[in-house]
Amino acid sequence: MGSRHIPVLVEEVISLLRCEPHQIYVDATLGGGGHALEILRRTAPDGILIGMDWDEDALCEAREALKPFENRTMIFRENFVRMPDILNSLKIKRVDGILLDVGLSSIQLEEKDRGFSLKSEGPLDMRMDQRAGVSAADLVNQLSEADLAETIYCYGEERWSRRIAKAIVEERKRGSIETTQALRKIVCQAIPRRFHFRRIDPATKTFQALRIRVNNELENLRQVLESGWTFLREGGRLCVISFHSLEDRIVKETFRRLSKEGEGSGLGGVLRIVTKRPVTPSEEEQMRNPRCRSAKLRCAERI
Ligand SMILES: C[S@@+](CC[C@H](N)C(=O)[O-])C[C@H]1O[C@@H](n2cnc3c(N)ncnc32)[C@H](O)[C@@H]1O
């Protein structure tokens, strides 16, 4: 197993959630349990944490990290879109706050066999939920050229998507593409050399696109944002940390539509936007944890 995940923007999350004793929180993306641990500390002695994650490796770490608080913690291996069912099954109608810290944890990124990392050789898997059906290898070897190009363009915002899709389809005529490094090589060769930049691996956007599609990440985020707030008590808060512009746009637009600002849509007025601009990690945090660089935190409060 890889190194522990370092939670991002912890103090900012805790202060926006306004954690206090007696409260009930949902951490819908437990990961290594870093944020959850802090929520449990700040809600001592009797706050409750309902945690979920769909990745068994993450849950193992989280269970270990949260052991000292196990009498106040309930953990579920679930897709967070099922949050309403979980809360209903617990007969919990209202919670004080919900945290979503979407994206990958270091636990996932650093485990070679999971196929998320551009840097190490591994099977082209990329499923966050190991029980799920479709892997990145399935997509790369089975999608039509047009579908591949659209996926890489829409979810990776990759301008060379059509060239990359063509190269993938050419290559798979010779044999199926099964590993991270095989795919990386094809992508690198498809992008003209003068567009290779020293600090960013040329295959970054393609890997992001495949991961988003394998895990249905954007649709899941949309769904949980639409349903999650309905479980907040009045004054309860929803915090979302995202790591790329596609996710942040969904959060920003959903908050706006559900807030007074979006009243014209007929849905407005259930949330108040607390963070007019996204909160980002300080320079000090970025030095300590370079992976947090692209994190953006937004918070809204139930009216
Ligand atoms: C960035 S990590 C969270 C890290 C965590 N906040 C911590 O402090 O350790 C994101 C986690 O969300 C999980 N995740 C992403 N999408 C999910 C979904 N739809 N349902 C459940 N878990 C999901 C991933 O498996 C991963 O473990």
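Modeller: A residue is called buried when its relative accessible area is under 20%, exposed when over 50%, and partly exposed in between, using a 1.4 Å probe and protein chains only. Helices (H or I, at least four residues) and strands (E, at least two) are DSSP runs, numbered from the N terminus. The model is predicted, so local features need pLDDT of at least 70 and side-chain atom pairs count only at pLDDT 80 or more, while totals for chains, interfaces and linings use all residues. Residues are numbered from 1 along each chain as its sequence is written, and side-chain values use heavy atoms, with hydrogens and water left out.

An α-helix has 3.6 residues a turn, so residues three or four places apart point the same way.

Contact here means heavy atoms within 4.5 Å.

At its N-terminal end, α3 is capped by D55, which has a side-chain oxygen 2.8 Å from the backbone nitrogen of D57. Such a polar contact is a pair of N or O atoms within 3.5 Å; within protein, one must be able to donate a hydrogen and the other to accept it, and residues adjacent in sequence count only if both atoms are side-chain atoms.

T73 is buried, because its relative accessible area is 14%. Leaving aside residues up to four places away in sequence, T73 touches L40, L49 and L66. A polar atom of the T73 side chain also lies 2.8 Å from the backbone oxygen of F69.

The ligand has 25 residues around it, and H35, D53, F80, D101 and Q108 come nearest; a residue is near a molecule or strand if one of its heavy atoms lies within 4 Å of it. In the side chain of H35, an N or O atom is 2.8 Å from a nitrogen atom of the ligand. For Q108, a polar side-chain atom lies 2.8 Å from an oxygen atom of the ligand.
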